[in-house]
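Subject: Structure handover

Hello,

Here is the structure for you to open on your side.

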Amino acid sequence: KEFNVDSQVLLALSFIVYNLFIIGVGLYSAKQKKETSEDFVLANRELGPWASALSASASSESGWVMLGLVGMAYLDGAAAFWIVPGIALGYLFNWYYLAEKLRTATLENGAVTIPQYISYRFGKNSQSLRLISSVIIILAMLGYVAAQMNAAGKAFDATFSLPYWSGVLIGAGIILTYTIFGGFRAVCWTDIIQSSFMFVALLIMPFVILYQIGGFGKFIESIQAANPDFLSFTAGKGGLSLVGFIVGYLGIGLGYPGQPHILSRFMAAKDKKTIRQGSVIAISWMTIVYVGAIFFGMFAKVYFGNLADPEQALPLAVNDLLPPILGGFVIAAIISAICSTADSQLIVVSTIFSRDILPMFSKDSSTDLKKTIFIDKVVLIVLAVISIFFALTKNRMIFDFVLYAWSVLGASFGPVVILGLVWKKATKAGAISGMLTGLIVSIVWRDVPVLKSLVYELVPAFILATLAVIIVSLMTSKTKE
């Protein structure tokens, strides 16, 4: 597509204005910081309902929703809706059952990271527990952040015809600017704005593209002529293949209790009332965003016909269908989805590295607050550079890559966190076996083609990790007695 120069300038200007505003909010939030050890990593545990809800939602539903889920719906059609009840169940469980228990438990023992919570709960500050959980989180999240950088590269390529590598670097630059100065508070404040843009974009764009293709009747007519299975919730599958397909999509929700960047919002919530109000906000937001992304992807199939990369459907449609000024803000919403996850994950990973990993290998036991925060920021920059390098090595399919990291984290930590909160007999050995089982099964299941074709790896990994925690805990608790 040949781009009009004037239109591109206006598009870029509105996009720049948005990002300058986001950076400004992030920098302003730095002025609100408190001189406590928990401020940079948990905003001093003062998040209100809107910040908790929208930040948790935006950090979990990243570029994989704005680009990846749209691309999936473009390919699979109505079958993509199977993901919605699975995600909804994950939200409901996290907000109505897990959130308050985790907030209370981490507040009581002063834990500011998931490895700290696990080590306090299962091993009285066990170094082995902290090391194992930290390594799993860091490795999985570096890949997760790389997928967000990957999404930034695709978005800038589709919108401004910039080289993929430049889009990766621009996205990383925006994230680092406000995250380094404002820490967790900056991340949560900017997430409120970013999640609002995501919400509006996926509420409006399906109607815009539907109008362009001639309405819902025309959409049905065109799809039925081209591919009747596109409107089927079975995606043309049957038998065990269909069961595995549905269970896999529903099973995505199993990952929510094990995502450290989501759980940190519950740990940072101000009080029980915040959790209760935040649950309503988060679930309402999720419903609109997911349904909007799927409908847009389906309508885009008729509008574009065949795309080389379906994950570029939304930014390409923005260029085609919206006035440049408005289009710039919708593109900003796409980048917002990317930033709101990558910044959260970088904070989590840098905090774990500086406060869980480094102390194990350092003889310096200094508790100087400024030094600690300085180390947090240095580690954050180094980890961001590693993720950028990883993103530049290959232009990956966002949806597939994010689901891989999601499975590793969800299966490794979901069963351990849940059972740690609700079952007093869960032991250190049980926690270690659960984390390692979730990790190994996720990797092996994904890498064996026969197994991967059956069902999404998170489902068997989560189940087997849960059994591992229970069985090993029962065995070791009896031995202890």
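Is Leu 231 buried, partly exposed or exposed? Its relative accessible area is 25%, so Leu 231 counts as partly exposed. Please keep in mind that this is a predicted model.

**Leu 231 and its surroundings**

Leu 231 sits in the loop between helix H9 (216-226) and H10. Its contacts, leaving out residues up to four places away in sequence, are Ala 78, Phe 219, Ile 220, Ile 223, Gln 224 and Met 298. Asp 76 is 155 residues away from Leu 231 in sequence. In space, the two C-alpha atoms are 8.8 Å apart.

**Thr 177**

Thr 177 belongs to helix H8 (residues 164-212). This residue is partly exposed, at 30% relative accessible area. Thr 177 touches Ile 23 and Leu 27, again not counting residues up to four places away in sequence. Ile 118 is 59 residues from Thr 177 along the chain, and their C-alpha atoms are separated by 31 Å.

**Aromatic pairs**

How many aromatic pairs does a search of the whole structure find? The count is 19. One of them joins Tyr 91 and Tyr 256. Their ring centres are 5.2 Å apart, with 65 degrees between the planes. That pair is edge-to-face. Tyr 91 lies in helix H5 (residues 83-109), while Tyr 256 lies in the loop between helix H10 (239-250) and helix H11 (260-268). The pair therefore ties together parts that are 165 residues apart in sequence. Both Tyr 91 and Tyr 256 are buried.

Phe 295 and Phe 299 form another pair, with ring centres 5.7 Å apart. Why does this pair count as stacked? The planes are at 25 degrees, and the cut-off for stacking is under 30 degrees. Both residues lie in helix H12 (residues 272-304). They are four residues apart, about one turn of the helix. Phe 295 is partly exposed, at 28% relative accessibility. Phe 299 is buried, with a relative accessible area of 4%.

Phe 295 and Phe 299 also belong to one aromatic cluster with Phe 81, Phe 216, Phe 219 and Phe 233. Phe 219 has come up already, as a contact of Leu 231.

**Arginines over rings**

Two cases for your list. Arg 121 lies over the face of Phe 122, at 4.6 Å from the ring centre. Arg 446 lies over the face of Tyr 404, at 4.1 Å from the ring centre.

**Helix packing on H14**

Helix H3 (residues 49-60) packs against helix H14 (residues 324-361). The angle is about 100 degrees, and the axes are 7 Å apart. H3 and H14 are therefore roughly perpendicular. On the H3 side, the contact uses Ala 58, Ser 59 and Ser 60. On the H14 side, it uses Ala 337, Ser 340, Thr 341 and Ser 344. By class, the residues of this contact are two nonpolar, five polar and no charged.

Helix H13 (residues 313-321) also meets H14. Here the axes come within 9 Å and cross at roughly 170 degrees. That makes H13 roughly antiparallel to H14. Leu 314, Pro 315 and Val 318 in H13 meet Gly 327, Val 330, Ile 331 and Ile 334 in H14. The contact of H13 with H14 has six nonpolar residues, one polar and no charged.

**Positive phi**

Most residues other than glycine have a negative phi. Which residues go the other way here? Asn 44 is one of them, with phi near 60 degrees. Its place is the loop between helix H2 (39-42) and H3. Asn 44 is partly exposed, with a relative accessible area of 21%. The cut-off for buried is under 20%, so Asn 44 falls in the partly exposed class.

Ser 161 is another, with phi near 55 degrees. Ser 161 is found in the loop between helix H7 (127-160) and H8. At 43% relative accessible area, Ser 161 is partly exposed.

Best wishes

Note on methods. Residues numbered from 1 in each chain as written. Predicted model: local features only at pLDDT ≥ 70, side-chain atom pairs only at ≥ 80, totals over all residues. Heavy atoms only, no water. Phe/Tyr/Trp six-rings, centres within 6.5 Å; stacked < 30°, edge-to-face > 60°. Helix = DSSP H or I, 4+ residues; strand = E, 2+ residues; numbered from the N terminus. Buried < 20%, exposed > 50% of the residue type's maximum accessible area, 1.4 Å probe, protein only. Lys NZ or Arg CZ within 6 Å of the ring centre and 35° of its normal. Axes fitted to C-alpha atoms, helices over the stretch in contact; angles between N-to-C directions. Parallel < 35°, antiparallel > 145°, perpendicular 65-115°, else oblique. Contact = heavy atoms within 4.5 Å. Nonpolar A, V, L, I, M, F, W, Y, C, P; charged D, E, K, R; others polar.
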